[in-house]
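Student: Could we go through this model together? I would like to start with the strands and then look at some helices.
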Amino acid sequence: MPQYKVAIVGAGPAGYFAAMALQNLQTEELQFSIDMIECLPTPWGLVRSGVAPDHPKIKTVSKVFEKVANEPNFRLFANVELGSDITIEQLKEKYDAVVIATGTALGKKLGIPGEELVGSMSAATFVPWYNSHPDFKDENIDLSCDTAVVIGAGNVAMDVARMLALEPTELDPTDTADHAIDAFKKSAVRTVVISARRGPEHAAFTAPELRDLPKLEHTNVVMDKGDVQAAIVRAGDAPEKEVKSNLDAMLLISEKEATHHERTMKFQFLATPKEIKGNGSVEEVVFQKTGSEETFSIKCGLVITAIGYEAALLQGIPYEKGKVVNTDGRVSENIYVVGWAKRGPSGVIGTNKSDAADVMKLLVEDLKDPKNSGDVTDVITHNKVVTQKHWEAINEAEVAAGEPLGKPRRKAVDRTELLRMSGI
Ligand code: NAP
């Protein structure tokens, strides 16, 4: 019976869905042994370090990941960095196929003057900071200003704005990083402006996220009714279903009776960012009213851009326009790519399921005779590999630490601490 070895690089949703697809494709005649390689000491990718902590339901997909991981043909190799602990060439040699599932970790840039000022950052920094990603725990996030501007009209911008504008005690029963909860409790930010360069009819928010906003109990949500009505007119008689759902949800927000909480989330449309100004650190953002010459500015001390992501480079893998160069997921001989690294940062977590299943079918079509060229443990350069058993120890310890505090888990944020908890 042929036994093929497949390496999946990246333990996020796309990686787990690829592993699941391979498990589902197994037959008596076709068997896989799957090794998942992850640079962090913890798996789950964006489910751990991306999804907003006040949306815990989205994280329940981790149960699916654990089911995949507990199949006998699956091994986790976390805390293993591609490039230093093992190379892509070694993986190519050891495995019948290598699947890149490393996502898109880098925030896109606006490319406007002042973007590098202190106080201006990407959601690609801010989000992992509040989600306990070990590489971002020491970021200096200064929340001493009254107003923050979030640029972008997608769900990431909305997550970021909510996190800044929630009454911070609402985060106590969540798995938000302790350091972030402390910072939000001390935060002076009272107004968060979400700024879209186009009108509401073109916003990339999704309707369920918009519909949640009027339910916020301690935050004013302000959207101008005139902006929404003008968008409804521009969208015409037969808007696409998603556009209609979004506009309906936005109209409800704009018509909601005003509340008078301490914190406000305010939407601004048709505003193209032109420059971030400040003497050493951010003091204001200059916008142009989209479609006109008119400019205006907002005084603020923090600017967070949430305008999409790009894949970080892996040596030996071709990239173009922030993605791995591929044809339907095929990259080069025995190399494949799935998820956001393949198609760019769009879609919800579940979108990766069908995407990965399609690519794994191609992978199976391409298989030749099994290579049988030894085990990856022969080449990994250190002995601090976090296996599934080690990760389960971390997972249990985090959940146990969260329990008395009413949190789903209390995440460890330091690599050394995570390794200690793993029992390695
Ligand atoms: P996104 O949905 O693609 O939104 C990006 C936003 O940035 C768009 O509004 C875009 O406006 C704007 N933008 C791009 N370049 C810009 C520029 N140079 N200047 C000003 N604005 C610019 O991306 P995302 O918010 O990062 O989300 C990524 C994916 O994850 C999406 O599919 C999202 O739905 C998903 N997600 C889902 C959830 C959830 O379900 N709860 C949470 C987070 C993320 P234009 O349209 O004008 O280009």
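Student: How many bridges join strand E2 to E3, and do they run parallel or antiparallel?

Tutor: Keeping in mind that this is a predicted model, five bridges join strand E2, which covers residues 31–38, to E3, and the two run parallel. One place to look is Glu38, whose bridge partner in E3 is Ala78.

Student: And what is the order of the strands in the sheet?

Tutor: The sheet is open and has six strands, in the order E3-E2-E1-E4-E19-E18, with mixed pairing. Strand E3 (74–78) and strand E18 (330–332) each have a single partner strand, so they stand at the edges and one side of each is left without a neighbour in the sheet. On average, neighbouring strands are turned by 25 degrees against each other, direction ignored.

Student: Which strands does helix H12 touch?

Tutor: Helix H12, residues 351–366, packs on this sheet and touches E1, E2, E4, E18 and E19, while its direction makes about 170 degrees with that of E19.

Student: Changing topic, how do the axes of H5 and H6 cross?

Tutor: The axes of helix H5 (residues 123–130) and helix H6 (residues 155–165) come within 11 Å and cross at roughly 50 degrees, which means that H5 is oblique to H6. The crossing in which H5 passes H6 is left-handed.

Student: Which residues make that contact?

Tutor: From H5 there are Ala123, Phe126, Val127 and Tyr130, and from H6 there are Val156, Asp159, Val160, Met163 and Leu164. The residues of this contact divide into eight nonpolar, no polar and one charged.

Definitions and conventions: Residues are numbered from 1 along each chain as its sequence is written. This is a predicted model: local features need pLDDT of at least 70, side-chain atom pairs count only at pLDDT 80 or more; totals for chains, interfaces and linings use all residues. Side-chain values use heavy atoms; hydrogens and water are left out. Two strands pair if DSSP finds at least two bridges between them. Helices (H or I, at least four residues) and strands (E, at least two) are DSSP runs, numbered from the N terminus. Axes are lines fitted to C-alpha atoms, for helices over the stretch in contact, and angles run from 0 to 180 degrees between N-to-C directions. Contact means heavy atoms within 4.5 Å. Angles under 35 degrees count as roughly parallel, over 145 as roughly antiparallel, 65 to 115 as roughly perpendicular and the rest as oblique. A crossing is left-handed if the near helix is turned anticlockwise from the far one by less than a right angle, and right-handed if clockwise. Ala, Val, Leu, Ile, Met, Phe, Trp, Tyr, Cys and Pro count as nonpolar, Asp, Glu, Lys and Arg as charged, and the others, Gly among them, as polar.
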